[in-house]
Each structure stands twice: as structure tokens, then as C-alpha cells.
Amino acid sequence: QPYVADYLVTATFQHFISLFEDFFFDLLRLWLSAYPKSLEKRQVDFKTVLDAGDKHAITRAVVDKELNELKYKKLEDWFEYAEGLVSLGCPTAAEIETLAEIKASRDILVHNKGIANTIYAAKAGKSARYTDGETLEVPENYHRESWEMITKIVRDVSEAAAKKAK
């Protein structure tokens, strides 16, 4: 029972966030690859051009660089970037705030052995559930609500992006 209550719950919780991140950045990668004009002002190292086999390889390198830089920004910045790129109109600010706390919780579980710190507080913002030094927990209702929030955001973003791509 402790295995299910502790390890399995935190492992699946962490996996939820990984799945969301994969979805989000794969969506942006597909969008930027299909509509590369949005990156026309980006500078490219000449080495990248020389190493690339063709225009598609150069585009892929620019897209990868762009998304790699975005990955290290706040979750709010991710959605601001997507909104500027695609004008999705979702998720709401409250949903982004909730998702930011979920992601901050995952980051603390992975990178700080589940002990909240100032980084968690900064990432989680007003939705922070813990203060510096407290041990983060993933109770059953939080686990379920996190999954529901992630699936709602993925569904909403997918539908909005599909409408814009037509």
C-alpha cells in the first residue's frame, strides 16, 4: 500500500507533466515547421547553414533552437508565446496559474526530493500549496484534479490549434 500511495502516485503525477510538455512542444514544433515565416527574423549561425543538407534542415535547426530557449522560461511565457504565434484564446489565466503550480510541484519532486523552496514558490505563484522547507505531497484528489486540468488544457489547445490550421 505505501508503494501505491507514495511512489506510484508521484511517478504517474510526474509523468502527467512530461506528457503535457511533450504535447505542447510537439504542437509548437509542428506549427513552426508548417508556418516558418513567423521565425523569419531569427538569426542563424553560418555553421548551421553549412551543416544543413537543405532548407528543411535549416528550418528544423531554427525551430529546435527557438523551442529549446522557450523550455527554460516560465509556463506563463510558454502560453504567451503560443498565443502570439497562433492566437489560441486558451487556456484561461486561472488555468495557466493552476498548471504552473502543478508543473512547479513536479519540478520539486524531480529536482529537490519533494522539498518546497523559493524556486517552487516563484514558479507556483499565487497557487503555491507549500512554503520553503515543507514536504510536498500528492494527495489522491490533487492527483486526479491535476490530470483533469492537464487533459482539459490539452483538449482545448488541440481543438483551438486545429481550427486555426484550417
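The paragraphs below cover a loop residue, a helix pair and a helix residue.

The model is predicted, so local features need pLDDT of at least 70 and side-chain atom pairs count only at pLDDT 80 or more, while totals for chains, interfaces and linings use all residues. Residues are numbered from 1 along each chain as its sequence is written, and side-chain values use heavy atoms, with hydrogens and water left out.

P36 sits in the loop that links α1 (2–34) and α2 (46–51); helices are DSSP runs of H or I with at least four residues, numbered from the N terminus. With a relative accessible area of 35%, P36 is partly exposed, a class that lies between buried (under 20%) and exposed (over 50%), using a 1.4 Å probe and protein chains only. I115 lies 79 residues from P36 along the chain, and their C-alpha atoms are separated by 41 Å.

The axes of α4 (residues 75–86) and α5 (residues 93–111) come within 9 Å and cross at roughly 135°. Axes here are lines fitted to C-alpha atoms over the stretch in contact, and angles run from 0 to 180 degrees between N-to-C directions. From α4, L75, E76, W78 and F79 meet I96, L99, A100 and K103 of α5; contact means heavy atoms within 4.5 Å.

Helix α5 also holds E95. E95 has 11% relative accessibility and therefore counts as buried. Leaving aside residues up to four places away in sequence, E95 touches M149, K152 and I153.

Notes: Helices (H or I, at least four residues) and strands (E, at least two) are DSSP runs, numbered from the N terminus.
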